[in-house]
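This report describes one protein chain, part by part. Look at the structure below before reading on.

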Amino acid sequence: MTEIRPRWEWRSFGRRFGAAEERLARLAPSGVQESDEIYLLSGAGENVKVRDALMDIKVLREVNADGLEQWTPVMKAGFPLPGVEAVKVLEALRLPVPTSVRESYTLDEFIGQFAAPGGTVRAVRVHKRRVRYTVDGCMAELSEVVADGKSTRTLAVESEDAAGVMRAVRGLGLEGYTNTSYPRGLAALIDDVNERYAVIDAGTNSIKFHVGERSIDGKWRTVVDRAEMTRLGEGLSQGGRIIEAAIERTIAAIASMVGEANQHGVRAIAAVGTAGLRIASNGGDVVDAIRARTGIHIEVISGEEESRMAYLAAKAGLGLNRGSLVVFDTGGGSSQFTFGHDAVVDTRFSVNVGAVSYTERFGLDRAVSPEVLREVMAAISADLSRLDGHLVPDALAGMGGAVTNITAVMHRLATYDPVVVQGSIVDRGELDRQIELYRSRDADARRAIVGLQPKRAEVILAGACVVRTIMEKLGKDSFTVSDRGLRHGVLAERFGD
């Protein structure tokens, strides 16, 4: 066969590829090709298939530090397949070579003997429609795939230049996706392995981590949902920069989450950053440091985008589909508000009102006097003036770390239970009770409160005051709690139908 130089390959499988598809749609295709192939799948074998009546084998030569795979073609042989070539196929499939090998095999004879139903090797009939593009000098290919009647899609980038492949992958916005070879991707499809995806939400006070599993019918199941308090925004209100200690805590947390996501076999990790990274003068440097140390690129999203995705998550999770609705998401550095009715979003905005800045400004990690509390409430009210004049909504829904901790304290949850928290109702009386509870104690004493996450003890008083002010300004005596936040909205937007 004609010598073909080995190429570095990157590939991912899934239903959609978000921004990458939009970018490819703006390019002129360099070719469209349809083919019918038969893949021979074994647990540890190479890429073995039959295409255009030729037995085609590629072997994996190397996996580099970026996870790119270098595959080398070693066979393209026609049928009848000579016995000596059949032996090479069996070796590529990691099958024992029988003591007696025929002089040659037709395709049906080879499959009948070595890939019969129920055996070690599976013969999978695959139809592909491939659309090819050129991206940064690399071949990019978006394919519709049907394997034994089951459908999926795959996006690949190939080149002899490994660095070029990575540039193209990053340029398409696919850096967080896992490189998956055709044999592994097809095996997962045929075996009905549910797709798993991860989201990392880098907030000002905590890093939230979610792994969701998507079933065949499109429903999501939570595999992991947790948060780690890294206080990324520590000192940000005074110096305008993220300090080195906060950067190190955040990188360590994200690196651990990436490792956990990989252990769960996720197909992709989406990572977003919010107010702290938006505001900090060195936010870009922090994003670069996280990328260099963890391999994850944090997309710093606007406050408006943050509020939109949080609204989608809350509305879907709480079933608030009729009437006017306001969803708020208050965090360490900012608060997002989305106003809508029925299925329509009317307006959304973000304000730099978060628990960290008020904690540092008024010393709210300590016990404070009623006079100081009144000053805090007045300052928050002034900073939330954008809420003034809005009509009272039919429903108010809240999310974020302050909201879920307030709810856990209300229920006295020694162990956090999202099922209990989701859909809970918090009224003004309960919120006033908790504000007094936190006001009269310092952070160390607050840590003994059942339901309160210990690392949130410093900022919980400020967070509760923000929530109380929101209720006051919107004229609501209570709100419904959503345990689903930005991370769930990102999951649905990036990886759902």
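Helix H11 (residues 355-362) packs against H17 at an angle of about 120°, and the two axes lie 8 Å apart. Helices (H or I, at least four residues) and strands (E, at least two) are DSSP runs numbered from the N terminus. Axes are lines fitted to C-alpha atoms, for helices over the stretch in contact, and angles run from 0 to 180 degrees between N-to-C directions. On the H11 side the contact is made by Ala-355, Tyr-358 and Thr-359, and on the H17 side by Ala-462, Gly-463 and Val-466. Contact here means heavy atoms within 4.5 Å. Sorted by class, the contact of H11 with H17 has four nonpolar residues, two polar and no charged ones. In this sorting Ala, Val, Leu, Ile, Met, Phe, Trp, Tyr, Cys and Pro count as nonpolar, Asp, Glu, Lys and Arg as charged, and the others, Gly among them, as polar.

The model is predicted: local features need pLDDT of at least 70, side-chain atom pairs count only at pLDDT 80 or more, and totals for chains, interfaces and linings use all residues. Residues are numbered from 1 along each chain as its sequence is written, and side-chain values use heavy atoms, with hydrogens and water left out.

**The chain as a whole**

The protein chain has 18 helices and 21 strands. Its C-alpha atoms fill a box of roughly 95 × 45 × 45 Å, taken along the principal axes. Of the 497 residues in the protein chain, 54% are buried. Buried means under 20% relative accessible area, exposed means over 50%, and partly exposed lies in between (1.4 Å probe, protein chains only). Among contacts between residues at least 6 apart in sequence, 68% join residues at least 24 apart.

**Nonpolar cores**

A nonpolar core is a set of buried Ala, Val, Leu, Ile, Met, Phe, Trp, Tyr and Cys residues joined through side-chain atoms within 4.5 Å. Which members of the largest core touch the most other members? They are Phe-337, Tyr-358, Tyr-438 and Phe-479, in a core of 48 residues. Helix H17 (residues 460-474) supplies the largest share of this core, ten residues. A second, separate core has 33 residues, including Cys-138, Val-199, Val-272 and Met-309.

Leaving aside neighbours within four places in sequence, the residues in contact with Phe-337 include Val-327, Phe-328, Phe-349, Leu-384 and Ile-470.

**Salt bridges**

Side chains of opposite charge can pair when their charged atoms come close. The structure holds 44 salt bridges. A salt bridge is a side-chain nitrogen of Lys or Arg within 4 Å of a carboxyl oxygen of Asp or Glu. Some of them are listed here.

| Salt bridge | N to O distance |
|---|---|
| Glu-195 and Arg-267 | 3.6 Å |
| Asp-432 and Arg-468 | 2.7 Å |
| Glu-472 and Arg-468 | 3.1 Å |

Glu-195 lies in strand S11 (residues 195-202) and Arg-267 in the loop between helix H7 (244-263) and strand S14 (268-273), so the pair ties together parts that are 72 residues apart in sequence. Glu-195 is buried at 8% relative accessibility, and Arg-267 is buried at 15%.

Asp-432 lies in helix H15 (residues 428-439) and Arg-468 in helix H17, so this pair ties together parts that are 36 residues apart in sequence. Asp-432 is partly exposed, with a relative accessible area of 36%, whereas Arg-468 is buried at 14%. Glu-472 and Arg-468 are four residues apart in helix H17, separated by about one helical turn. Glu-472 is partly exposed, at 47%. Together, Arg-428, Asp-432, Arg-468, Glu-472 and Asp-477 are linked in a network of salt bridges.

Met-399 lies in strand S19 (residues 395-399) and is buried, at 0% relative accessibility.

Is helix H13 (residues 401-411) largely enclosed or exposed? Nine of its eleven residues are buried, so H13 is largely enclosed by the rest of the structure. The buried residues of H13 include Gly-401, Val-403, Asn-405 and Ile-406. Just after H13, Arg-412 takes a positive phi of about 55°.
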